[in-house]
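Here's a quick tour of side-chain packing, ring pairs and charges in one model. Have your viewer open and follow along.

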Amino acid sequence: MRAAHPRVVLGLHRSRHEPAVLREALDLGVGALDTSSNYLGFRSHETLARVAGDLLPRFRVSTKVGYFPVPGRASEHSLEPERLRAAVERAAQDLGREPDVVFLHNPEHSLSAGPEAARCERLAAACHVLEDAASSGVCGSWGISSWDPRPLGALVAGLPRPDVLMVRSGLLVKNEVLEAAELLAAKLRPSQLWGMSPFGGGAADAAWEGFDPRVFLREAEQATVMQAAFRAACRLPAVDAVAVGTDSPVHLRELVSSLALEVEEDVVGQYRRLLREAAGRSEARQ
Ligand SMILES: NC(=O)c1ccc[n+]([C@@H]2O[C@H](COP(=O)([O-])OP(=O)(O)OC[C@H]3O[C@@H](n4cnc5c(N)ncnc54)[C@H](OP(=O)(O)O)[C@@H]3O)[C@@H](O)[C@H]2O)c1
């Protein structure tokens with residue numbers, strides 16, 4: 001059973017890494033930052049240490065490993081244990097402190113080809129690197145962050161239990177991805193389940209022009225559209241925290257104040273049924 005009022009994690013994927021929004025986060029009681037070794041062109045960690053070194057000790061910091069810079073290309077993904085181990089150590093050095101959580105970043109990216117047994121082994125080896133890093137104190141704990149968990153469900157038997165699993169959440173996530181995330185969480189039994197990207201990365205998405213997410217709230221008239229979409233994301237799937245990106249202190253305040261708004265659980269249930277039925281109809285047509 002997940003908390004009815006989950007926490008906000010300030011995600012830095014699209015962030016300019018400006019100290020003002022980090023200060024506002026602390027003032028609002030948002031004590032968690034989520035970054036990744038590849039954010040800000042692979043400079044997120046060192047930038048945070050440089051521009052917000054005084055603020056970092058006051059946050060719980062999560063980061064991710066799995067993408068590596070390649071000259072002449074944007075990046076490449078790898079689950080190679082030596083590279084992951086070095087990346088976790090580098091993250092702690094560049095941040096100037098041990099991260100509280102290190103996620104294996106989108107492991108599905110490197111698990112699309114090859115026999116299933118070999119893919120299981122590659123995933124297990126990668127998870128063991130992070131588990132060992134957490135046991136030896138290079139990071140506080142470890143997790144898996146997956147944009148598309150559909151390929152992972154079949155590969156996780158015998159994996160160590162992660163502290164945190166992070167999956168997409170919200171009204172823009174399609175049924176198969178939501179169900180795969182819930183199945184993965186049921187199999188892995190992480191101590192915490194986090195959602196991410198509640199607006200699909202862009203608040204100006206046309207979805208909000210054609211649909212008012214305030215139907216998900218008990219007292220809809222008190223909320224903005226973005227608050228309602230955010231609160232719905234906390235229940236789709238039901239998570240302990242949601243990583244959301246913003247460079248705007250005003251937007252962050254709007255999201256934090258949405259946590260007091262009650263979600264209409266019956267509407268969540270109806271919505272899930274509709275999603276399932278629509279997915280069933282589309283399968284039947286294929
Ligand atoms: N595979 C992975 O591990 C993975 C993938 C994606 C994301 N994530 C995590 O999830 C975090 C969030 O994802 P995301 O940034 O892609 O997507 P997001 O949180 O869905 O969307 C961020 C966008 O929403 C806007 N926004 C936020 N609050 C708003 C408000 N109150 N009103 C209007 N606009 C608002 C922001 O614009 P403003 O700056 O103008 O507010 C920004 O453009 C990432 O930073 C990362 O931590 C992880």
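Phe 216 is buried, as its relative accessibility is 2% (buried means under 20% relative accessible area, exposed over 50%, partly exposed in between, with a 1.4 Å probe and protein chains only). Keep in mind that this is a predicted model, where local features need pLDDT of at least 70, side-chain atom pairs count only at pLDDT 80 or more, and totals for chains, interfaces and linings use all residues. Residues are numbered from 1 along each chain as its sequence is written, and side-chain values use heavy atoms, with hydrogens and water left out.

**Aromatic rings**
- Rings of Phe, Tyr and Trp (its six-membered ring) pair if their centres lie within 6.5 Å; planes under 30 degrees apart are stacked, over 60 edge-to-face, and the rest tilted.
- That rule gives 3 aromatic pairs.
- One of them is Phe 199 with Trp 208, edge-to-face because the planes sit at 90 degrees, with centres 6.5 Å apart.
- Both Phe 199 and Trp 208 are buried.
- Phe 216 pairs with Tyr 271, and this is edge-to-face too, since the planes are at 80 degrees with the centres 5.4 Å apart.
- That pair ties together distant parts of the chain, 55 residues apart: Phe 216 is in the loop between α7 (207–210) and α8 (225–233), while Tyr 271 is in helix α10 (residues 265–285). Helices (H or I, at least four residues) and strands (E, at least two) are DSSP runs, numbered from the N terminus.
- Tyr 271 is buried as well, at 15% relative accessibility.

**Nonpolar cores**
- A nonpolar core here is a set of buried Ala, Val, Leu, Ile, Met, Phe, Trp, Tyr and Cys residues joined through side-chain atoms within 4.5 Å.
- The largest one has 77 residues, and Leu 10, Leu 22, Leu 123 and Phe 230 touch the most other members.
- Helix α5 (residues 116–135) contributes the most to this core, 8 residues.
- Another core, of 10 residues, lies apart from it, and its members include Val 9, Val 164, Met 166 and Met 196.
- Met 166 sits in strand β8 (residues 164–168) and is buried, at a relative accessible area of 1%.
- The C-alpha atoms of Met 166 and Gly 195 are 5.5 Å apart, although 29 residues separate them along the chain.

**Helix α9**
- Which residues of helix α9 (residues 249–258) are buried? They are Leu 252, Leu 255, Val 256 and Ser 258.
- They sit on the same side of α9, because they cover an arc of only 155 degrees around the axis (the arc is that of the directions from the helix axis to the C-beta atoms).
- These buried residues pack against β1 (7–11), α1 (19–27), α8 and β10 (241–245), where contact means heavy atoms within 4.5 Å.

**Charges**
- A salt bridge is a side-chain nitrogen of Lys or Arg within 4 Å of a carboxyl oxygen of Asp or Glu, and the count is 16.
- Glu 24 bridges to Arg 253, with the closest N and O atoms 2.9 Å apart.
- This one also spans distant parts of the chain, from Glu 24 in helix α1 to Arg 253 in helix α9, 229 residues apart.
- Glu 24 is buried at 15%, whereas Arg 253 is partly exposed at 40%.
- Arg 83 has a salt bridge to Glu 76 (2.8 Å, N to O), and Arg 83 also lies over the face of Phe 68, 4.4 Å from the ring centre.
- For such a charge over a ring, NZ of Lys or CZ of Arg is within 6 Å of the ring centre and within 35 degrees of the ring normal.
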